[in-house]
Amino acid sequence: MDRPPPSLFLLVPGPWRALPELSAALAARGVEATIDDSIELKAGEIRVTLIADDQLARAFSWGRGGPLDAALLSRIEKCKHAALVEIARQLPESALEVARIGRALRDAGGLAVRIEASGGACAWESWLECLESGRASQIYETAVVIVDGEDGIVFTCGMHLFDLPDAQITLDDTDEAIEWLDALCTYQLDEDPVLVSGHTFRPTADTEPRVLERWPDSEHDAEDGRHNPFGLWHLKTRDSARVKDSTPVLTFIPSLAAILTHAESSKGRPLTRSEVEQIVDEGTVIAMEPRDARALERSRGYADLEPELAWEQWQLTHPVPAS
């Protein structure tokens with residue numbers, strides 16, 4: 001079954017205190033939006049809701065470019081409401097339309113904008129400039145943030161807006177890690193390569209390559225808007241990588257994740273390691289060209305598990321309870 005139409009969510013603090021007031025302000029600027037939260041949006045439609053929150057300054061304290069301007073944060077701190085705008089469009093193909101909606105929100109009193117898929121806040125001027133450039137690498141700057149996590153792990157958040165995996169790397173030098181991640185993500189956007197686990201990547205010719213392994217997004221719960229259903233590329237050193245490049249790609253139909261979910265539901269208990277490995281060994285797969293396998297992945301809206309890493313990856317989202 002094909003995935004439902006995607007939506008982009010924007011959070012915009014402003015002076016509005018009632019939904020009709022906000023809706024009328026947008027309509028006066030050429031943006032028609034429903035305030036009915038009971039309907040399913042069709043492609044291209046817009047819905048607005050109003051959120052009461054006295055901690056908006058904290059939510060807007062940080063973006064891709066670092067902390068927001070102190071004077072702007074002071075103005076946001078005085079706001080008690082924010083518009084949550086749902087746009088039933090994908091960002092890359094609709095950047096100019098999203099920018100038009102953003103301009104209407106700004107002109108109606110919106111102070112700044114945050115893309116909820118990554119949580120990165122931005123001042124209007126730079127956000128609009130990047131979207132209106134039409135360049136994927138510039139849109140990336142508005143949509144994707146880089147997070148300095150624990151134990152030297154640095155990862156991106158927001159690449160699912162492009163139907164692509166995020167990426168993570170373990171390095172002591174955060175600046176070097178950011179260079180690796182930016183290079184990989186913009187390479188995916190600018191060159192549209194079809195990457196599979198086992199491929200190698202390096203940001204410069206004089207850098208030792210790392211091996212790509214696709215893993216589920218374990219940084220965010222599946223219900224979190226920042227969760228990437230297409231997973232993350234783990235940039236592994238050669239001695240730590242476990243998956244070899246395989247072309248064509250052996251693909252489970254239905255997906256291995258769906259098969260394991262059905263098996264666990266049927267048993268009424270968590271699957272054991274031996275059960276997962278047996279399902280992998282006995283499963284039916286078809287050989288697909290990598291680009292066709294990616295098209296299938298996008299049509300269903302999520303990446304499958306790597307068969308060679310099935311138990312470890314299944315445990316990230318379906319852990320066996322401690323006895």
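The lining of the largest pocket in this predicted model comprises 15 nonpolar, six polar and ten charged residues. In total, 31 residues line the largest pocket, and Pro-6, Ser-7, Phe-9, His-160 and Gly-225 are those nearest its centre. Two strands, strand 1 (8-14) and strand 5 (81-87), each contribute at least two residues to the lining of the largest pocket.

The second largest pocket holds about 620 Å³ of space. Two elements give two or more residues to the lining of the second largest pocket, namely strand 14 (249-252) and helix 10 (290-300). Helix 10 makes the greatest contribution, with six residues. The lining of the second largest pocket consists of 30 residues, and Val-196, Ser-197, Val-249, Leu-250 and Glu-306 lie nearest its centre. By class, this lining has 16 nonpolar, four polar and ten charged residues.

With regard to the overall fold, the protein contains eleven helices and 15 strands. The radius of gyration is 21 Å, close to the 20 Å given by the globule rule for 323 residues, so the protein is as compact as a globular protein of that length. The C-alpha trace spans about 60 × 50 × 40 Å along the principal axes of the protein. Buried residues make up 46% of the 323 residues. Among contacts with a separation of 6 or more, 68% are between residues 24 or more positions apart.

In helix 6 (residues 136-143), the buried residues are Ile-139, Tyr-140, Thr-142 and Ala-143. These residues lie on the same side of helix 6, because they cover an arc of only 160° around the axis. The elements covering the buried residues of helix 6 include helix 4 (95-107), helix 5 (124-133) and helix 7 (174-191), together with strand 6 (113-115), strand 8 (145-148) and strand 9 (153-157).

In helix 11 (residues 310-317), the buried residues are Ala-310, Trp-311, Gln-313 and Trp-314. Their arc around the axis is only 165°, which places them on the same side of helix 11. Cover for the buried residues of helix 11 is provided by elements including strand 12 (210-215), helix 8 (256-267) and helix 9 (273-282).

Ile-253 and Pro-254 are joined by a cis peptide bond, with omega about -5°. Pro-254 belongs to the loop between strand 14 and helix 8. Strand 14 is also one of the elements that line the second largest pocket, while helix 8 is among those covering the buried residues of helix 11.

A positive phi occurs at Asp-163, with a value of about 60°, although this residue is not a glycine. Asp-163 is situated in the loop between strand 9 and strand 10 (166-170). Asp-163 counts as buried because its relative accessibility of 10% falls below the 20% cut-off. Asp-192, likewise a residue other than glycine, has a positive phi near 50°. The loop that holds Asp-192 runs between helix 7 and strand 11 (200-201). With a relative accessible area of 34%, Asp-192 is partly exposed.

Notes. Residues numbered from 1 in each chain as written. Predicted model: local features only at pLDDT ≥ 70, side-chain atom pairs only at ≥ 80, totals over all residues. Heavy atoms only, no water. 1 Å grid on protein atoms, 1.4 Å probe; cavity = no way out; pocket = protein on both sides within 12 Å on 5 of 7 lines; lining within 4 Å. Helix = DSSP H or I, 4+ residues; strand = E, 2+ residues; numbered from the N terminus. Nonpolar A, V, L, I, M, F, W, Y, C, P; charged D, E, K, R; others polar. Points joined across faces, edges and corners; volume = space filled by probe spheres on them. Buried < 20%, exposed > 50% of the residue type's maximum accessible area, 1.4 Å probe, protein only. Arc of directions from axis to C-beta. Contact = heavy atoms within 4.5 Å. Rg over C-alpha atoms; globule rule 2.2 N^0.38 Å.
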